[in-house]
Amino acid sequence: MRYGYWMPVFGGWLRNVPDEGMEATWEYSRRLTRNAERWGYDLSLIAELNLNDIKGVEQPALDAWSTAAALAAVTDTIELMVAVRPNFHHPALFAKAAANIDRISNGRLALNVVSSWWADEAKQYGLQFDQHDDRYARTEEWLSVVDGLWTQERFTFEGAYYRTQDAICAPKPVKPPTIYAGGESEKAKTMIAARCDAYVMHGDPVAAIAPKIADMAARREAAGGAPMHYGMAAYAIVRDSEAEAKRELDRITQISDLPAGYANFDQWLSGTQLERELKIQEYSVSNRGLRPNLVGTPEQLKERIAEYEAAGLDLLLLQMSPQEEEMERFAAQVMGTV
């Protein structure tokens, strides 16, 4: 199993706990990432939203790509998996900038391609917002342009959304960055199986994750591609006793009033095609992070992670709070790397 963590670009992951002790600042992100390398983490996922989806739109949110460029220069081993939304980045210009970041990191850049869901954000920034299936059609073209510029000396493309003519991207990435993507609609899974290297999922129990992996593996084989990697989001609480872990779980899931970001959550639900209905109480932790039930003693978490690994999962994308303290504890007690 590879272990990754979500960079706290929004100042935390708990929607109903205002202050988690980890500010959305460059200083915190730099220190956390350097420590994560020492603790043995493999990867950091840097989410891309211009508005704060967790603490409310009025609160600070770090820019993903300038943060990634800065981290590339001050780290040595950790993979930087940076989210990118095609409607926010022209692919030819993006390919040029991302190739440079990959060079700075000596080949540690990866992409998490996200077909945008937040209509209000796009409107605020004056950008095109496509309907669901159109978003994936745009993403497929966008990937074609980026791949073409990274692999060909000159690249010409003409599609419904993008055009290039004899475009040059030099220098190119050290190696082709891994392309991660997620989605639960038929359109999304078809595109990902054909065009991406890894499939990432919201949190779910093993019984729900195993058939998703089997389905995507079959789609990938039918598309003629190499075997994919599979990752999942999860929120982790590790304590010396199960009772302690449950007390922490109770603390972070108590909702008395609807927090500032609830309207964004409601809009996300209306703009996606989820296979299972989200429960409102799960709003307290993003990305269905509590469904994997990584809550308990080190031994309990190790057993549950082994079950996911047996189902074909090879990457956990972890959220914790407060992140620095909890990540060190998880590395020491579950990963065994500290």
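**A loop asparagine and the fold around it**

At 36% relative accessibility, Asn293 counts as partly exposed, a class that lies between buried (under 20% relative accessible area) and exposed (over 50%), with a 1.4 Å probe and protein chains only. The model is a predicted one, in which local features need pLDDT of at least 70 and side-chain atom pairs count only at pLDDT 80 or more, while totals for chains, interfaces and linings use all residues. Residues are numbered from 1 along each chain as its sequence is written, and side-chain values use heavy atoms, with hydrogens and water left out.

Asn293 is not a glycine, yet its phi is positive, at about 60 degrees. The residue sits in the loop between H9 and S10, where helices (H or I, at least four residues) and strands (E, at least two) are DSSP runs numbered from the N terminus. Asn287 is found in the loop between helix H9 (262-270) and strand S10 (294-296), and this non-glycine residue also has a positive phi, of about 55 degrees.

Turning to the whole chain, the protein has eleven helices and eleven strands. Its radius of gyration of 19 Å is close to the 20 Å that the globule rule gives for 338 residues, so the protein is as compact as a globular protein of that length; the radius is taken over C-alpha atoms, and the rule is 2.2 Å times the number of residues to the power 0.38. The C-alpha trace spans about 60 × 40 × 40 Å along its principal axes. Of the 338 residues, 57% count as buried.

Two cis peptide bonds can be described next. One joins Ala170 and Pro171, with omega about 0 degrees, and Pro171 lies in the loop between strand S6 (163-167) and strand S7 (179-181). Another joins Ser321 and Pro322, with omega about -10 degrees; Pro322 belongs to the loop between strand S11 (315-319) and helix H11 (323-335).

A further loop, between strand S9 (229-238) and helix H8 (242-253), holds Asp240. At 62% relative accessibility, Asp240 counts as exposed. Leaving aside neighbours within four places in sequence, Asp240 is in contact with Thr297 and Gln333, contact meaning heavy atoms within 4.5 Å. The C-alpha atoms of Asp240 and Glu299 are separated by 9.5 Å, although these residues are 59 residues apart along the chain.
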